[in-house]
Amino acid sequence: YNSRRIDYAGDLDLYRFVLTAPAAVSAWTEGANLDTVGSILDSRGANIDANDDVQEADNHFGLTRYLEPGTYYVQVGHFEPAGTGTYNLRIRADAVDAHNRTALWWNASEPGWGLNVNHQGNKIFATLFTYDASGPTWLVMSSGERQADGTYQGALYRTRGPAFDASPFAGVATTEVGTMRLGFSGENTASLVYAIDGVQVQKSLTRQEFGKLASCAWSAFDRSYTLNLQDLWYNPGEPGWGVNFTHQGDTLFATLFTYDAGGRPLWLVMSKGDKTSTGFSGPLYRMSGPVFNASPWVAATPTQVGTMSVTVRHGNAATLTYSYNGVSVTKQIQRQVFGNLKPACE
């Protein structure tokens with residue numbers, strides 16, 4: 001809807017839409033920076049959700065809610081009681097899972113390895129943290145597509161790149177080594193099957209819980225006002241490395257995936273980042289553990305190699321500072337986006 005207008009003080013515009021199948025519905029205004037407020041109402045006119053400003057970039061409202069089939073309304077007004085002006089309204093429905101699976105997943109009987117899942121739209125980016133014959137390693141399913149049966153499947157890659165402190169950071173190379181398939185049987189349970197160089201592994205997973213589990217919904221927006229940091233973060237000028245944040249209560253669990261001096265995959269973990277006045281901070285560990293297909297699994301052992309801190313500017317911008325074996329690194333990071341709908345956790 002283009003060139004819609006709040007004509008007079010207290011004017012409220014109402015738009016009706018009908019869903020014939022479950023979907024994540026996003027509604028927002030754009031165009032001239034009119035300070036709008038918006039609501040999604042049910043068929044009786046009762047409020048389901050409301051918003052004033054959805055992101056720092058402007059004063060437009062924005063809402064994303066997963067809705068069942070039925071009749072609904074979007075209501076648009078002006079934040080100022082006497083305010084008037086012109087706006088454009090956008091409404092979009094996306095057929096996605098009811099639950100966003102963004103979290104750190106593990107098998108509690110096999111401590112020391114894990115799978116970070118970032119769920120956007122009908123795609124999953126999964127980072128596997130484990131070990132091979134040479135030590136700690138990580139692999140990535142960067143594009144796990146949703147299948148007809150509801151699972152997510154894609155190619156699994158091993159990556160090599162410049163040393164973690166390289167400047168400029170360039171020259172990342174990926175090699176396909178197998179496949180990964182991830183299925184969810186509930187909000188907090190999943191099954192994982194993957195193959196590396198012809199060796200297949202099957203695991204049962206649950207969300208790793210070390211505080212109050214974050215609840216992740218869908219968002220079509222930049223999440224600059226989202227206080228929970230749970231997501232995949234990176235520096236867009238340095239593709240090939242990243243950091244996964246799992247945020248529960250006042251604790252941040254961070255898994256950093258990068259490269260050592262020889263270009264091999266290197267992962268480090270801040271398993272207990274405590275809340276500070278500006279973000280989070282804690283010791284940084286390098287893990288040692290059994291090869292990825294070991295059975296029985298022997299618990300991995302941590303060795304502190306430095307510290308990590310995250311300074312938060314807003315919900316979509318932060319500074320990552322860490323030290324590894326005496327070498328300090330500082331990076332500007334933001335949430336990585338690869339889908340129309342992203343996780344918004346709380």
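Which residue in strand 23 does Arg286 stand opposite? The residue is Thr303. Bear in mind that this is a predicted model.

| Strand pair | Bridges | Direction |
|---|---|---|
| Strand 22 (residues 279–288) and strand 23 (residues 301–314) | 10 bridges | antiparallel |
| Strand 23 and strand 24 | 6 bridges | antiparallel |
| Strand 24 (residues 317–324) and strand 25 (residues 327–335) | 7 bridges | antiparallel |

Let's walk along these pairs. Getting from strand 23 to strand 24 takes a hairpin, which joins them through 2 residues. Across that pairing, Met308 stands opposite Tyr322 in strand 24. One step on, Ser323 has its bridge partner in strand 25, namely Ser328. As a general point, side chains in a regular strand alternate between the two faces of the sheet.

**A look at Thr127**

Now for another residue, Thr127, which is found in strand 11 (residues 123–132). Is Thr127 buried or exposed? Thr127 counts as buried, because its relative accessibility is 0%, and the cut-off for buried is under 20%. So who surrounds it in the model? If you set aside neighbours within four places in sequence, Thr127 is in contact with Gly114, Leu115, Asn116, Trp138, Leu139, Asn244 and Phe257.

Technical notes. Residues are numbered from 1 along each chain as its sequence is written. This is a predicted model: local features need pLDDT of at least 70, side-chain atom pairs count only at pLDDT 80 or more; totals for chains, interfaces and linings use all residues. Side-chain values use heavy atoms; hydrogens and water are left out. Two strands pair if DSSP finds at least two bridges between them. Helices (H or I, at least four residues) and strands (E, at least two) are DSSP runs, numbered from the N terminus. Buried means under 20% relative accessible area, exposed over 50%, partly exposed in between (1.4 Å probe, protein chains only). Contact means heavy atoms within 4.5 Å.
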